[in-house]
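Here is a short briefing to read alongside the model. Please keep the sequence and the 3D view open as you go.

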Amino acid sequence: MGTDQSTNRRLSKVERVIEAYDLDGFGEQLANRWTAPEDSDSLRDLADLMNERVLDAALREAGEDVLEGEVENLYTLLTGDETTEGMRVQAKNTLQSRGVDVDQLLSDFVSHQAVYTYLTEIRGVSKESSSGNRIDNVVESIQRLRGRLVAVIEQSLSSLRNTSKLRLGDFDVLVDTQVYCRDCGTQYEVVELLRRGGCDCDESTSN
């Protein structure tokens with residue numbers, strides 16, 4: 001595995017792929033697109049974008065001419081949820097016949113979690129630092145709703161207690177909203193999920 005010679009730090013997967021496919025300047029592009037004040041890309045969008053660039057580079061390294069739209073189509077066939085197994089195998093065979101090491105290519109595809117790790121831990125950028133970003137807006141909306149819900153519950157319980165309809169001592173109202181992902185089986189508090197950039201889907205391939 002590659003290392004950063006200046007710090008002797010093991011390179012992240014995104015760094016290794018950028019280096020392996022000569023994607024100079026792509027790391028900065030990822031950071032800029034993620035933190036854009038308006039119309040910023042999601043982590044999944046960025047992972048797809050990088051994987052398409054990797055596929056394009058692999059074809060060109062094999063000496064292949066790449067037609068407009070061809071990379072996007074092949075990538076969809078390789079990774080799309082709607083792709084049948086037969087279509088996927090055909091796409092792999094097509095790439096293999098054109099001199100692409102398909103197994104290596106697929107192993108070099110990055111997940112959205114790998115992109116998140118690269119952006120936050122390696123480049124030190126934060127989605128929350130970009131002005132007016134959608135994540136902040138959603139978090140603020142959730143927190144406002146929680147505040148109103150807590151106030152309504154507190155008022156209702158206090159009213160019932162004061163009229164002897166409810167036996168209750170000194171109390172606090174806690175609102176905990178959990179999000180469970182059926183695909184990877186992980187569960188996160190909703191604000192934590194938003195702040196970390198997603199669940200653990202594909203996390204096993206992020207290193």
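Buried means under 20% relative accessible area, exposed over 50%, and partly exposed in between (1.4 Å probe, protein chains only). This is a predicted model, where local features need pLDDT of at least 70, side-chain atom pairs count only at pLDDT 80 or more, and totals for chains, interfaces and linings use all residues. Residues are numbered from 1 along each chain as its sequence is written, and side-chain values use heavy atoms, with hydrogens and water left out.

**The chain as a whole**
- The chain has 9 helices and 4 strands; helices (H or I, at least four residues) and strands (E, at least two) are DSSP runs, numbered from the N terminus.
- Along the sequence, these elements follow the pattern β-β-α-α-α-α-α-α-α-α-β-β-α.
- Of the 207 residues in the chain, 39% count as buried.
- Among contacts (heavy atoms within 4.5 Å) with a separation of 6 or more, 56% join residues 24 or more positions apart.

**Helix H1**
- Helix H1 is mostly covered, with 6 of its 8 residues buried.
- The buried residues in H1 are Lys 13, Val 14, Glu 15, Arg 16, Val 17 and Ile 18.
- Glu 19 also lies in H1, which spans residues 13–20.
- Glu 19 counts as exposed because its relative accessibility is 54%.
- After H1 comes Asp 22, which has a positive phi near 55°.
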